[in-house]
Amino acid sequence: MDIPIDLKHLQTLLTLRKTGSLTRAAVALQLTQSALSHQIKQLEEHYSVTLFVRKTSPVQFTQAGERLLRLAETVLNAMEEANRDLYQFASGKHGALRVTLECHTCYSWLLPVMDEFRKKWSDIEIAILPGFQPDPVGLLLQNRADVAIVDEAEQTEMVSYSTLFKYEMVAIMANDHPLAHKPWLEAEDFRGQTLITYAVPEDRIDLCRKVLKPAGIPVQRRTTELTMGIVQQVASHRGIAALPIWAVSEYLDKKYVLAKSITQKKLMSEIWLASLTDNLDREYVHDFIHFIRQRCLRLLPDIQIT
């Protein structure tokens, strides 16, 4: 497609409108009047139109000229905006933060953290990708997310991980469950029990991966999507569950269910933030990590900041 319109033509027309004459426009653009006239003549001859009425002061543009002026305003304004954005990208003060999660229970603390983060970083476009993501790191590599909140770290050259906090994973059961008298639960205590979990692969469940599988304990599962649904099923004697202590503290305070440590040494888990290594030099990514650590320390009971 032959489109002879160039950026210099758009700049020329805007300058001509601003100055009101070819002579003054040529001076402003540091061109000879002949060179300026030649630019305009090229367009007029290509389209067989007249862009402005000669020998008028100030210059009067034709319908064709007004159309190019509107184009010039749109294009040059967009270029100026992109120019500002690029400098802000370089300074780490502008950009996007698309957050994806592998952790079901993280929504409860992530939303208030992000509300506070937006107040400080109003120029950053912030969004949480909907739904549970089975491969959040894959979304980073596909440039469909900027950071991922995950429960395992697998450092690679392209992806870096920052520890957010550690926490205890506890077993929860009905208040009158036969295991309620025990000070803590060992792997053998889960034999024959129905384990109520989120609808995730078994190898993503810390209790299964770190405790039951090494001990050779077979797992019987019942799944649901919500933390409240898990608690309700536990309270109704449909099984037991393993959840972060901070995720069930409200239900424990109200005595809906009972919590026990898993093994005498306690089952500890971690939450990590994953990001492409090249993105870690962005100031707002570093600050987001700091926000999560500090706000979660205030919001969540019994976590450890490392």
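Q: Given that helices (H or I, at least four residues) and strands (E, at least two) are DSSP runs numbered from the N terminus, where is the place of Ser48?
A: Ser48 is in the loop between H3 and E1. This is a predicted model, where local features need pLDDT of at least 70 and side-chain atom pairs count only at pLDDT 80 or more, while totals for chains, interfaces and linings use all residues. Residues are numbered from 1 along each chain as its sequence is written, and side-chain values use heavy atoms, with hydrogens and water left out.

Q: Why is Ser48 called exposed?
A: Exposed means over 50% relative accessible area, buried means under 20%, and partly exposed is in between (1.4 Å probe, protein chains only). Ser48 comes in at 66%, so exposed is the word for it.

Q: And what makes the phi of Ser48 worth a remark?
A: Ser48 is not a glycine, yet its phi is positive, about 60°. Most residues other than glycine have a negative phi, and most peptide bonds are trans.

Q: Which loop holds His237, and why does His237 count as partly exposed?
A: His237 is in the loop between helix H8 (227-235) and strand E10 (241-244). Its relative accessibility is 49%, so His237 gets the label partly exposed. His237 also has a positive phi, about 65°, without being a glycine.

Q: What makes the peptide bond from Ser57 to Pro58 cis?
A: Its omega is near -5°. Pro58 is in the loop between E1 and strand E2 (60-61).

Q: How do you know that the buried residues of H2 line one face of the helix?
A: H2 covers residues 22-29, and Leu22, Ala25 and Ala26 are its buried residues. Looking down the axis of H2, they fall within an arc of 100°, so they line one face. The arc is taken from the directions from the helix axis to the C-beta atoms.

Q: What do the buried residues of H2 pack against?
A: Their partners are helix H1 (7-19), helix H3 (33-47) and strand E1 (52-53); contact means heavy atoms within 4.5 Å. Just after H2, Gln30 has a positive phi of about 60°.

Q: Why is Glu44 called buried?
A: Its relative accessible area is 5%, so Glu44 falls in the buried class. Glu44 is part of helix H3. Leaving out residues up to four places away in sequence, Glu44 touches Val49, Thr50, Leu51, Phe52 and Arg54.

Q: What makes Phe52 and Phe61 an edge-to-face pair?
A: Rings of Phe, Tyr and Trp (its six-membered ring) pair if their centres lie within 6.5 Å; planes under 30 degrees apart are stacked, over 60 edge-to-face, and the rest tilted. Phe52 and Phe61 are 6.3 Å centre to centre, with 65° between the planes, so they pair and count as edge-to-face. Phe52 counts as buried at 3% relative accessibility, and Phe61 is buried at 14%.

Q: How do you know that the charged end of Arg54 sits over the ring of Phe52?
A: A charge sits over a ring if NZ of Lys or CZ of Arg is within 6 Å of the ring centre and within 35 degrees of the ring normal. Arg54 is 4.2 Å from the centre of the Phe52 ring. Arg295 lies over the face of Phe291, at 4.0 Å from the ring centre.

Q: Which residues have the most contacts inside the largest nonpolar core?
A: Leu97, Trp109, Phe165, Leu207 and Phe288 do, in a core of 65 residues. Such a core is a set of buried Ala, Val, Leu, Ile, Met, Phe, Trp, Tyr and Cys residues joined through side-chain atoms within 4.5 Å. Strand E6 (residues 159-173) gives the largest share of this core, eight residues. Apart from it lies another core of 18 residues, including Leu16, Ala26, Ile40 and Phe52.
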